[in-house]
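Biologist: I would like to learn how to read aromatic pairs in a model. Please start with the general idea and then turn to the case at hand.

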Amino acid sequence: MPSLRLKNIANLMFDISKAPCRGLTNTFFNERNKRKVYEAKQICSTCEFKKECGDWAIHNHVLFGIWGGMDRKEIAIQRDLQNVVLPPHYSTSGFTKWGR
């Protein structure tokens, strides 16, 4: 049976203010641009927080961007390999603004 684990951003075990990706939103959240994805993954490859960042993405609802050197498809693969099952995201819970 898959495990259910969810981590909150407040539980990050590293100081994100010291991460080399800080301030590079256009590089890390631009998956359509292959050059930007390559640049982001290169930055991640030298980052001391790569494992923690990737683990956080695997255990949370990350839908966009490069996290721990992985894009959203690679994060999904890691979730499958690690048997991580996330609870339904609020946007897919069945609740709609106009009808319940």
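This is a predicted model: local features need pLDDT of at least 70, side-chain atom pairs count only at pLDDT 80 or more; totals for chains, interfaces and linings use all residues.

Biologist: What describes a pair of aromatic rings?

Modeller: The distance of the centres and the angle of the planes describe such a pair.

Biologist: How many aromatic pairs does the structure hold?

Modeller: There are two aromatic pairs. In one, F29 and W67 lie 6.0 Å apart, centre to centre, with 80° between the planes. The F29–W67 pair is edge-to-face because planes over 60 degrees apart count as such.

Biologist: Where in the chain do F29 and W67 sit?

Modeller: F29 is in the loop between α1 (25-28) and α2 (34-45), and W67 is in the loop between α3 (50-58) and α4 (72-81). They are 38 residues apart, and the pair links distant parts of the chain.

Biologist: Is W67 buried or exposed?

Modeller: W67 has 19% relative accessibility, so it counts as buried; the cut-off is under 20%. F29, with a relative accessible area of 41%, is partly exposed.

Biologist: Which residue forms the tilted pair with W67?

Modeller: That is W56, with 5.2 Å centre to centre and 35° between the planes. W56 belongs to helix α3, 11 residues from W67 in the loop between α3 and α4. At 13% relative accessibility, W56 is buried.

Biologist: Which residues do the ring pairs link into a cluster?

Modeller: The cluster consists of F29, W56 and W67.

Conventions
Residues are numbered from 1 along each chain as its sequence is written. Side-chain values use heavy atoms; hydrogens and water are left out. Rings of Phe, Tyr and Trp (its six-membered ring) pair if their centres lie within 6.5 Å; planes under 30 degrees apart count as stacked, over 60 as edge-to-face and the rest as tilted. Helices (H or I, at least four residues) and strands (E, at least two) are DSSP runs, numbered from the N terminus. Buried means under 20% relative accessible area, exposed over 50%, partly exposed in between (1.4 Å probe, protein chains only).
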